[in-house]
Amino acid sequence: MLLRLPRSLHYPITVTSLLKREGDQVERDEPIFWYIYETTVEEGDGLGNKVQVKRKFPTRFESPTDGELSEWKISKGDVITEPIDVVEIEEPCAHEVQFGGLCAECGKDMTEATYNTEIMDSTRAPIQMSHDNTTLTVSEKEAARVEEDAKRRLLASRRLSLVVDLDQTIIHATVDPTVGEWKEDKDNPNYEALRGVRQFQLIDDGPGMHGCWYYIKLRPGLEEFLEKVAVSYELHIYTMGTRAYAQNIADIIDPSRKLFGDRILSRDESGSLTAKNLQRLFPVDTKMVVIIDDRGDVWRWSPNLIKVSPYDFFVGIGDINSSFLPKKQDIGATNKLIKEAKEKEAKEHHSNGKAAKQESESEVSALQQLVTMGGGDNPGLLHEQTNEQEETILHQVEDRPLLQKQKELDAEDAPSVESSESASADESQDSNKHRHHLLEDHDRELFQLQDRLERVHAQFFDEYDKKRSHALGGRVAALRGERTFSKDKDVDLKLVPDIKDIMPLFKQGVLGGVVVVFSGVLPLGTDLQNADISLWAKSFGVVIASKINARTTHLVAGRNRTAKVREATRYPNIKIVTTQWLLDSLVNWQHLDEDPYLLPVHPDDRGEPLSPASRERIDSPWVSSSEELPGTSVWYEDLDDESDSEMFKSTGLNESSHIGYDENEQAAVHDELKEFLGSDDESESDNEALTEDKSTTNKKRKRGKGADGEAVDESAEDDGDDESDPHGSRLSQRIKRSYERSTGLREVATASSSEMGETHPEHVRPSEPDEEPDAENPGTSHIRDVEHESPGDDDDDELEREMLAAFDDEPDDNAEGEDDN
Amino acid sequence: MFFLKEETKTISVHPSNFGPEMRNLIVGQLNAEEEGRCTGDHFVISVMDMVDVGEGRVIPSNGNAEYTIKYRAIIWKPFRGETVDAIVTSVKATGIFTMAGPLSVFIARKNIPSDIKWEPNTVPPQYTDHADQVIERGTSLRLKILGVKPDVMAINAIGTIKEDFLGPL
């Protein structure tokens, strides 16, 4: 360890002697060198007066650590004025792995602190690495080493790491005792659906939950999914449930622990109760990690995340461990159910609709969510959350929401049989089986998910192989002129591609180029760009806009007949689709065909001509909703026409207003330019035609700068034809070019220009009346000046010839440039 | 190391329990409260006998009877350098977690003989020398304690198996 002097010493200090030689053993708190420092002290002079005197004090410096002294960085007599490295001490143990405040390697107490302790030893190993133990911490070095080993192993077996969430991702859990009753009751309409539901009892899981039975529904296809995925991924569980809960679930989904081993992280070890952190499991780098979770916000929309649609089997139960997570913004999660139900029976639609309504009440603004996430680990919050969860569970146990819902469903069934038999023919045939069952099991997510994970895996290793064969090929070819490719043997960690690059790239392409406007999807007052659905969509390359305009490609409407729907019908290119289209596209990683999702537009809304009255009616609601986000126009990379005109207004101009100067001004500016740029200007004119980029937005900037009267700016104004060609971007380009140029031409040109500087500005124009038609081409006139006014300058003869040669080409170029306008 | 230690403890008995079975009740309560307790310094393994139960005193405010009991208990205080037998609870790349009775002992990779290597690809993962020594979850180990650190309600210890006669049993 390199010892650095502490800040607390009284600098400057002078080293008077070194007590240890290189190679000596040093004990902790043993003095290793003497030094003296100077300070002012108050002393009595023997007459009762107190005097301030400067005194020198000798002091010993004590080693804060023990080990073998390997090298002195200072020598006797050195004056040290600031904290520097003084000595290198080779420690017998670097305390890289610590367990419960002890160094796991040497058994020393790491929490010991003395007067001499600068840095606690326990800070040397700050990283918690193991899944199931928080008392073990390691240093960064050790963590990197362990992780590197793991990566090597994974690469050799061509696998990645997959962090799996439990609740609502691969299982759905409830504590509603109704499930237990239904499970036993063969006559219950939900009996079939509940067949695969597993259960376990947690004896002491938190206060107030003694002996609570948990009912676990595995997501359809889970076993197969895990088995298949385990081939290409090493699986980790990361859940916000308790340790006991996680263990029990793991026992159910992986009884032999072949898949997960003991790589299970629960909220007991998570370290944060509100957010999940990949660094907890992979402290050094997350290049090879993929996450699947139904909540994007808890991962802060990490690029490693594949968000899955939440599995909602027990209708209206949600995530039983969600009280530990930030409040959920629920958008359309239940819509899917609604859609399925719609095809089946209108009754179920109704009950689900209610569920959706209930959940939407729990929607919370993004700000509040941030506050919750930032809440950290304060005990008050923990207490509150524990209480909340307890309440949730008690609520489920006592109120039995499922039973209530089924009752509701049954109650609605009774009259519906009489009234409409046509609704479902097969149902009315058998009145026993007629009772609608609440619980449906249609979920197909895992099958798609498996496919996606395999795609990511393939992509990753394609990239890796490509890089590696490239590197190998390059190196070997350079050495031997032939190419060898040894698979999986020599793993090169430097070539590992980053999943954080691969996956977003993959996803960005899915809905790239889609510009979406929401209507009736997010509640008013939600931050449009940071809502869950927006963040999710954005990770797939979608651009979220607040207003409908020509760029919009899709209007995602949560409701029909909104003002925006009406607005959108006027653009033939905008597809008006339901929220489901977006959700399904995001879930499937595909730009799905919009046709099945098209929103049936009410005939009244279509192509409505905008009378002033109707316009007002239309405008008022959606203007208010879109104006709430003034910053959203930033989302357009390049400004469209609309914003252009706004800009003009802000500068007091309109698009057709005259930009530039009148002739007098121009002449003056012209001369100033000559002074400034000299004949260099001539060579510029070649570029002129090329540099006339269209960028109307620059008009304004140019105008503003020109008004400042800066010679630099005006020079640019002048050399062009202001009225017809108001493109100011040339200004910066030209100046830059003129500075970049380092040919001899420029130096010579400046010499001649200094001569010209003496020419009186007013003088220029009268002296060259024939220039008048050429007024728009000051570069030309400029050259002629040179010719006329310094004909006898022998030194410049060469230059002039060059200039003339260039000049001959010029008029053509310029003409072209102007034609372009 | 195990000790027979004499300690005192105050136990209060609710009035509803006053009666002939009181002594048994007190014994039961004492056992329930003391056995298995970790003071941070030692573990109470078992209460041997009560030396003196003392006289019960009724507390005026709530009517509970308070007994001050002197008892002898077997305690275990782990020491540095002590050799114990332990059961492996989990193995990690960084080392082995074991439980020696109530004491959790961690064996770092450095304190495992170098011929016993980390083998993560087996199910369950293990440390093995690819011969007769296999350390996985559930294996019995003999280890030597390198350091002990008392915590509030627990004791953490560091162990080694990198010495003669230590390792899997």
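Helices (H or I, at least four residues) and strands (E, at least two) are DSSP runs, numbered from the N terminus. Keep that in mind for the exercises below. The model is predicted, so local features need pLDDT of at least 70 and side-chain atom pairs count only at pLDDT 80 or more, while totals for chains, interfaces and linings use all residues. Residues are numbered from 1 along each chain as its sequence is written, and chains are lettered from A and ligands numbered from 1 in the order in which they are written.

**Exercise 1.** Find how many helices and strands chain B has, and in what order they run.

*Solution.* Start with the count: chain B holds one helix and 13 strands. Next, walk from the N terminus: the order is β-α-β-β-β-β-β-β-β-β-β-β-β-β.

**Exercise 2.** Work out how confident the predictor is in chain B.

*Solution.* Chain B averages 90, and 100% of its residues score at least 70. For the complex, the predictor gives an ipTM of 0.87 and a pTM of 0.64.

**Exercise 3.** Is β7(B) mostly covered or mostly open?

*Solution.* First, the cut-offs: a residue is buried if 20 or more other C-beta atoms lie within 10 Å of its own, exposed if 12 or fewer, and partly exposed in between, with C-beta atoms placed from the backbone. In β7(B), six of six residues are buried, so by this definition the strand is mostly covered. Then look at each face: B:Leu103, B:Val105 and B:Ile107 lie on one side, with B:Ser104, B:Phe106 and B:Ala108 on the other.

**Exercise 4.** Identify the strands that β7(B) pairs with.

*Solution.* Two strands pair if DSSP finds at least two bridges between them. Six bridges link β7(B) to β6(B) in the antiparallel sense; among the partners across them are B:Phe97 and B:Phe106. These two strands form a hairpin with two residues between them, and B:Gly101 in the turn has a positive phi of about 65 degrees. With β12(B), β7(B) runs parallel over three bridges, and B:Ser104 stands opposite B:Asn156.

**Exercise 5.** Describe where chain B touches chain A.

*Solution.* Residues are in contact if their C-beta atoms, placed from the backbone, lie within 7 Å. The contact takes 22 residues from chain B and 25 from chain A. Elements of chain B giving two or more residues include β7 (103-108) and β12 (155-160). The largest share, three residues, comes from β11(B).

Methods: Contact = placed C-beta atoms within 7 Å. pLDDT = per-residue confidence, 0-100.
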